[in-house]
Amino acid sequence: MKTCTKCRKSKALTEFSPGRARCKSCRAEVAREQRAASPEAHKEASRRYRENHTDKAKAAGRRHYHGNKAYYAAKNTAWVKGNPEANRARRARYRARKLAAPGGGVSLAEWIILRDSYGCCISCLRTDGPLEPDHVEPLAQGGRDHIDNIQPLCRSCNSSKKDRHVDYRIGHTSSLLREPAFTTI
């Protein structure tokens, strides 16, 4: 048995960390109070710890993830359902990286501006349903992953085009095509 210096209760040795005079519950309470009193200082201390103990911090993160896989799976599923456009953009960036496609990628903001400037599938002119970014020159054939190589198509037109080089933008009568609605940097 050992007596805690904060709560003055006698507790079993398992309630104390080695070499500590306060019990684990009192140390946790003090830590919570310090975090509440100064959250910025706590964030800075956590950042410094992660910098100085990179391997330990990564191992702790992996242990936490593996111990809470169901939580993270549910959180990811909720994010995907709530952010379909961002998820499509994330998957497109992954695919472009996997194919080592040249170009800087297409941001979600650029895609939304392009999609809204056309307003419909430029192959079949349907306005109902979501539009997908299609690479005019397919990535599989060495096309660039850049906004200049993107055209908005509905899912069925995008699927039927497959990996062929078909530019539906040529001859499209949209007035927005004469003046670019976006600028590339």
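Biologist: Let's start with confidence. What is the mean pLDDT of the protein chain, and what share of its residues reach 70 or more?

Modeller: The mean is 88, and 92% of the residues get to 70 or more. Among the elements, helix α4 (residues 69–82) has the highest mean pLDDT, 97, while helix α5 (residues 84–98) has the lowest, 87.

Biologist: And where does pLDDT stay under 50?

Modeller: That happens over residues 175–185. The model has 16 contacts for that stretch beyond four places in sequence. Where pLDDT is low, the predicted coordinates should not be read in detail.

Biologist: Back to α5, then. How do you know that its span agrees with its 15 residues?

Modeller: At 1.5 Å a residue, α5 should span 21 Å, and its end C-alpha atoms are 21 Å apart, so the two agree.

Biologist: Which residues of α5 are buried, and what do they pack against?

Modeller: Asn87, Ala89 and Ala96 are buried. The buried residues of α5 pack against α4 and α6 (108–118). Just after α5, by the way, alanine 100 takes a positive phi of about 55°.

Biologist: Why are α5 and α6 called roughly perpendicular?

Modeller: Two packed helices are described by the angle between their axes and the distance between the axes. Here the axes of α5 and α6 come within 10 Å and cross at roughly 115°. The label covers angles from 65 to 115 degrees, and α5 and α6 are therefore roughly perpendicular to each other. The contact is made by Glu85, Ala86 and Ala89 of α5 with Leu108, Trp111 and Arg115 of α6.

Biologist: Is that crossing left-handed or right-handed?

Modeller: α5 passes α6 in a right-handed crossing.

Biologist: While we're in α2, why is histidine 42 called partly exposed?

Modeller: Histidine 42 is found in helix α2 (residues 39–52). Buried would need under 20% and exposed over 50%; histidine 42 has 35% relative accessibility, so it counts as partly exposed. Its C-alpha atom is separated by 9.5 Å from that of alanine 31, 11 residues apart along the chain.

Biologist: How do you know that lysine 161 is buried?

Modeller: Its relative accessible area is 0%, and the cut-off for buried is under 20%, so lysine 161 is buried. This lysine sits in helix α7 (residues 155–161). Beyond its neighbours within four places in sequence, lysine 161 is in contact with residues including Asp134, His135, Val136 and Tyr168.

Biologist: And what makes aspartate 134 buried?

Modeller: Aspartate 134 has 4% relative accessibility, so it counts as buried, given a limit of under 20%. Its place is in strand β3 (residues 131–135).

Biologist: Which residues is aspartate 134 in contact with, leaving aside its neighbours within four places in sequence?

Modeller: Those are Asn149, Ile150, Gln151, Leu153, Asn158 and Lys161. As for asparagine 83, 51 residues apart from aspartate 134 along the chain, the C-alpha atoms of the two are separated by 19 Å.

Notes: Residues are numbered from 1 along each chain as its sequence is written. This is a predicted model: local features need pLDDT of at least 70, side-chain atom pairs count only at pLDDT 80 or more; totals for chains, interfaces and linings use all residues. Side-chain values use heavy atoms; hydrogens and water are left out. pLDDT is the predictor's confidence in each residue, from 0 to 100. Helices (H or I, at least four residues) and strands (E, at least two) are DSSP runs, numbered from the N terminus. Contact means heavy atoms within 4.5 Å. The expected span of a helix is 1.5 Å times one less than its number of residues. Buried means under 20% relative accessible area, exposed over 50%, partly exposed in between (1.4 Å probe, protein chains only). Axes are lines fitted to C-alpha atoms, for helices over the stretch in contact, and angles run from 0 to 180 degrees between N-to-C directions. Angles under 35 degrees count as roughly parallel, over 145 as roughly antiparallel, 65 to 115 as roughly perpendicular and the rest as oblique. A crossing is left-handed if the near helix is turned anticlockwise from the far one by less than a right angle, and right-handed if clockwise.
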